Amino acid sequence: MDVTGLSLTTITLFLPMLGLAILMFMNGETQRENLKWVAFATSLVTFVASVVMWINFDPATADLQMVQRNTWAEVSLGDSAINISYFVGVDGISMLLVLLTTFIMPIAILGSFGSHIFAERGREKLYYIFLMLLEWAMIGVFVVHDLIIFYVFWEVTLVPMYFLIGIWGSEERIYAAVKFFLYTMAGSILMLIAILYVGNTTGTFSTYSAGGDIGVIEMVQTHEGAGTYWDAAPPDAESEDGFLFSSVESFLFLGFLVAFAIKVPIFPFHSWLPDAHVQAPTAGSVILAGVLLKMGTYGIVRFNLNLFPEATVAWAPTIAFLGVVGIIYGAWVSYAQSNVKKLVAYSSVSHLGFVVLGIFALNAQGLQGATLQMVNHGISTGGLFLIVGMLYERWHTKEMADYGGIWKVMPVFGGISLVISLSSMGLPGLNGFIGEFTILLGSLGSDYLGFAFTLFGTLGVILAAVYLLKMFQHVFMGELTKPLKDEDGYKLRWHEIAAYIPILIMIFWMGIQPIVFFNMLDISVDRIAALFVR
Amino acid sequence: MFESPTIAEFIAESNLAATLPGSLLVAWTLLLVLVDLFAGEEREHWTPFMACLGLGVSFVANLFVYAPAADQQTALYGMFIADAFTGFLNIVILVATLLALLMSRDYLKRAGIHRGEYYILTLLSSAGAMFMVAANDLIVIFVALELLSIPLYILAAFRSIKNDGSEMALKSEESGMKYFILGAFSSAFLVFGAALVYGATGATNIPQILAAVPAVVGAAGSATFYLVIGAAMLIVGLGFKVAVVPFHMWTPDVYEGAPTPVTALMSVTAKIGGFAALLRVLLTALSALALVEGGATAWQTTISIIAALTLVLGNFVAISQRNLKRMLAYSSIAHAGYIMVALAAAGTAGSADSATQGALVYILAYMFTNLGAFAVVMTIERVDGGGGNLDDITGLARTRPLMAMAMTLFMLSLTGIPLTAGFIGKFMVFAAAVQAGLVGLAVIGVLTSVVSAFYYMRVVVNMYLRDSSGELAPALETVYVRWAIHIALAGTLIFGIFYPLASNLVSMVSIA
């Protein structure tokens with residue numbers, strides 16, 4: 001394995017920083033028109049770079065690929081020194097999520113072209129700088145395999161998102177931004193202690209083995225002898241409660257899980273999400289739903305499952321139960337909303353519940369479905385937020401009651417919206433179905449979850465159809481309630497069409513030919529699922 | 001009994017070269033008195049310039065002293081010590097003083113209190129701090145502490161030299177007086193503690209105390225009792241200087257009333273002096289003071305409790321502050337708490353070095369960030385001292401984008417967000433705490449930093465997310481002040497992004 005040279009992963013990771021540097025040196029006033037083009041071009045180039053990664057990606061191996069590992073610094077802890085290394089690389093799961101990030105980013109930028117918020121609030125340069133910073137940090141989260149550097153990227157995503165919501169959001173933006181910042185920071189900072197504990201126990205911060213150094217995952221999984229790697233006393237089957245609330249492994253598991261659960265968000269940690277989503281500008285919502293939430297589920301798959309397998313097994317029914325509660329609760333609350341954006345926001349809680357259910361099914365189908373569902377949700381919910389954003393640009397309201405009959409004046413837009421809604425509710429033939437179906441299959445075959453989990457999960461699919469069709473009906477069907485003064489408003493602008501075309505392509509492609517994506521994930525997922533074979 | 005040494009012995013034992021960073025600065029300061037006296041009309045240019053030059057001279061001298069633990073030198077019959085610990089903290093003190101001087105000139109001019117004495121007192125105080133980090137004897141700690149503090153008492157009251165009865169002059173006078181009385185009180189504790197330790201061990205010299213402690217504890221007589229009481233009083237006396245709970249009461253009033261550059265200076269140098277002495281006393285002299293054989297040191301629990309109280313109180317009370325200087329005062333109490341976490345971690349056998357290094361990096365990060373934050377606050381204050389409230393910075397991002405950006409980064413650094421120096425400091429401190437087995441204390445530390453995020457981010461909210469309503473005071477954004485802010489900003493970012501830079505600088509520090 002090549003572990004030193006400049007890898008493709010590094011290039012993809014740092015391309016957004018190049019864009020950021022260019023933006024920094026541009027004049028925000030005189031070159032105002034060019035700012036968005038620089039940002040857009042950067043995100044496109046990054047996307048191309050990630051596609052090149054995909055072409056070079058070999059789905060036949062479970063090892064990390066396109067790896068680069070350089071020692072960054074030494075931390076002296078007592079008598080020993082622990083290396084922090086710049087350690088990047090991708091396996092199937094990372095690759096898919098990197099592709100999702102770089103795919104959503106240009107769309108989000110197109111979604112902010114000509115937005116009214118710049119006329120109101122200005123500071124376009126800062127806006128695009130934050131978007132670039134966000135893209136850099138998000139790709140970083142998905143590709144680094146050193147716990148400390150992971151934490152750095154993880155925390156850095158907070159800052160640009162905080163400003164995006166806080167400066168360019170709607171009326172309640174300050175409240176939403178501060179809540180977002182504090183809530184997520186409170187969760188993730190406990191992870192820092194857990195990370196330090198892991199480093200102190202194992203003597204390394206690298207999760208995977210590379211270049212002769214053994215990573216934490218290998219240490220945990222090759223552990224022999226009494227008990228688990230983290231606890232000398234074996235997890236007693238007789239007193240599982242004792243293991244849950246007194247073992248080191250369980251505490252470490254929770255230290256990581258709380259950070260991820262807040263980000264996902266798993267019920268009952270979701271209360272920041274509706275505020276942040278509703279107040280964020282369109283691009284912010286798209287990125288938040290499309291990518292940021294996946295950082296949480298990705299973290300669970302990558303760290304919780306790999307590092308703490310015994311605690312994962314012990315906690316699986318509880319967390320999966322919360323996932324199912326999230327599915328039902330999210331759908332229920334979503335149905336009750338009169339605000340379109342809030343409806344879509346709560347639908348995220350429901351959809352991410354499926355992902356959590358899939359992960360804690362702890363088998364290959366469940367994990368595969370969960371990973372695919374992360375991507376599906378990113379694409380379809382990202383699309384839904386774009387729709388809401390476009391409606392808001394024209395009618396300046398988010399209340400469902402103010403809409404109606406839009407199909408009549410904007411038939412193409414109505415058609416696009418229908419496809420995206422159907423994808424979100426999981427219509428067979430479109431992408432959403434594949435993910436949810438595989439997850440339910442996984443939970444049905446799970447050794448750890450009972451039949452009831454699948455049953456109530458399936459209920460969520462039906463409920464999704466209920467609230468999404470309700471939204472569609474209220475907004476697009478019936479008589480036109482509020483005609484626009486300017487008939488030109490009914491026309492779709494080029495950048496709006498350009499944003500939808502890739503989304504539609506992906507919806508159909510992933511729905512009709514999911515094997516392409518399953519292949520990418522197969523071996524990487526099997527490697528994790530192998531830990532939990534009974 | 002006491003033989004007079006030969007000249008050669010005297011030169012070898014006194015080894016004055018090792019004290020040069022501090023003693024050169026004192027000599028330079030005395031020279032500065034003459035410069036200020038004879039420079040005539042030109043003095044308002046020459047005195048500040050010469051003061052900065054003095055810092056440079058001291059800096060150069062310090063480079064020869066900065067050495068790993070194996071090459072450490074002692075001076076003046078073992079009363080002073082020059083090692084990497086001293087060398088590193090000397091650099092931090094000198095940079096802090098330079099930044100404070102850059103902030104001072106235009107502030108003093110605008111307030112109409114531009115006098116040469118200001119620079120002389122500042123340099124003397126910094127020299128005191130430098131002697132304190134080099135102190136290897138309880139007596140020297142006390143004398144250096146006085147040299148550090150007395151000029152600060154006067155500087156805190158410096159605005160009252162123009163006795164115009166304005167509110168600012170009165171506040172400054174109150175600040176100086178309060179600081180003086182409580183400072184004198186804490187010095188008494190320190191001296192009494194030193195006396196008790198001397199009574200128990202028969203030594204004031206730190207290595208000698210270290211050597212005597214096992215015998216004292218082993219004998220299990222009343223001497224152990226006096227030693228523990230003495231140690232406690234030393235902690236109280238130094239605790240006042242570094243402003244940890246419950247010895248923090250003076251901090252908000254003193255910080256608010258003192259001229260802003262003085263506040264910035266004393267929030268850093270006085271704390272450095274205090275922490276350096278605490279580290280030397282606890283980690284070297286009293287490192288063997290374990291009441292249970294083979295257990296953690298006797299003072300670890302005490303320090304842990306102080307740290308936890310300081311973190312909770314400092315961070316929670318800061319939330320309710322509307323005045324930025326008061327907010328930064330409480331935040332400086334909280335930051336002393338984080339350094340105390342490192343100190344507590346150092347009490348576990350085997351963790352002393354990593355904890356000391358963590359504390360030093362934290363101090364470095366805190367120095368750049370805190371001075372920068374005070375510099376920004378200073379630029380938005382009005383000449384009468386008002387205008388430093390949360391409401392006065394609304395919309396700063398539009399009116400003074402550069403200041404707002406700098407302040408945002410300082411706030412993020414104080415919160416401990418990655419890619420800023422503050423994160424590196426917190427990371428090293430918490431790593432040491434976890435390694436020392438103080439996971440509970442580390443958890444309190446991280447949770448209170450979430451609390452701190454609330455009041456730090458409120459500053460950012462006001463600057464960026466709200467639009468300016470009222471008029472801004474004329475800015476004090478002169479060339480020198482800008483330089484101070486730029487240097488602080490560069491330090492915050494460079495040390496934040498390049499982690500190895502900070503860790504390599506302190507890697508040879510070992511005082512246990």
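Predicted model: local features only at pLDDT ≥ 70, side-chain atom pairs only at ≥ 80, totals over all residues.
Helix H5 of chain B is largely enclosed by the rest of the structure, because 17 of its 19 residues are buried. A residue counts as buried when its relative accessible area is under 20%. The helix covers residues 116-134, and at 1.5 Å a residue it should span 27 Å; its end C-alpha atoms lie 28 Å apart, which agrees with that expectation.

The chain around H5 may be considered next. Chain B contains 20 helices and two strands. Its radius of gyration is 22 Å, and this agrees with the value near 24 Å that a compact globule of 512 residues would have. Taken along the principal axes, the C-alpha trace of chain B extends over about 70 × 55 × 40 Å. Of its 512 residues, 63% count as buried. The contacts of the chain reach across the sequence: among those with a separation of 6 or more, 80% are accounted for by residues 24 or more positions apart.

Several individual residues of chain B deserve attention. Phe225(B) is located in helix H9, which comprises residues 222-242. With a relative accessible area of 53%, Phe225(B) is classed as exposed, since the threshold for that class is over 50%. Its C-alpha atom is separated by 9.5 Å from that of Leu196(B), a residue 29 positions away along the chain.

The loop between H9 and helix H10 (251-257) contains Ala243(B). This residue has a positive phi of about 60 degrees, although it is not a glycine. Ala243(B) has a relative accessible area of 0% and is therefore buried.

The C-alpha atoms of Thr399(B) and Met463(B) are separated by 9.5 Å, while the two residues are 64 positions apart along the chain.

A positive phi is also found at Leu419(B), where the angle is about 75 degrees although the residue is not a glycine. Leu419(B) is situated in the loop between helix H16 (401-415) and helix H17 (421-435). At a relative accessible area of 25%, Leu419(B) is partly exposed, whereas Ala243(B), as noted above, is buried.

Attention now turns to chain A. This chain has 22 helices and two strands. Its radius of gyration of 23 Å is close to the 24 Å that the globule rule gives for 534 residues, so chain A is as compact as a globular protein of that length. The C-alpha atoms fill a box of roughly 75 × 55 × 40 Å along the principal axes. Within chain A, 65% of the 534 residues count as buried. When contacts between residues at least 6 apart in sequence are considered, 79% of them join residues at least 24 apart.

The accessible surface of chain A amounts to about 17,700 Å², and 64% of it belongs to carbon and sulfur atoms. As for charge, chain A has 23 positive and 38 negative side chains, with the centres of the two sets 15 Å apart.

Another cis peptide bond runs from Phe267(A) to Pro268(A), and its omega is near 5 degrees. Pro268(A) likewise has its place in the loop between H11 and H12.

Methods: Residues numbered from 1 in each chain as written. Chains lettered and ligands numbered in written order. Heavy atoms only, no water. Helix = DSSP H or I, 4+ residues; strand = E, 2+ residues; numbered from the N terminus. Rg over C-alpha atoms; globule rule 2.2 N^0.38 Å. Buried < 20%, exposed > 50% of the residue type's maximum accessible area, 1.4 Å probe, protein only. Contact = heavy atoms within 4.5 Å. Areas by Shrake-Rupley, 256 points an atom, 1.4 Å probe, with all protein chains shown as cover. Lys, Arg positive; Asp, Glu negative; His and termini not counted. Charge placed at Lys NZ, Arg CZ, Asp CG, Glu CD. Expected span 1.5 Å × (residues − 1).
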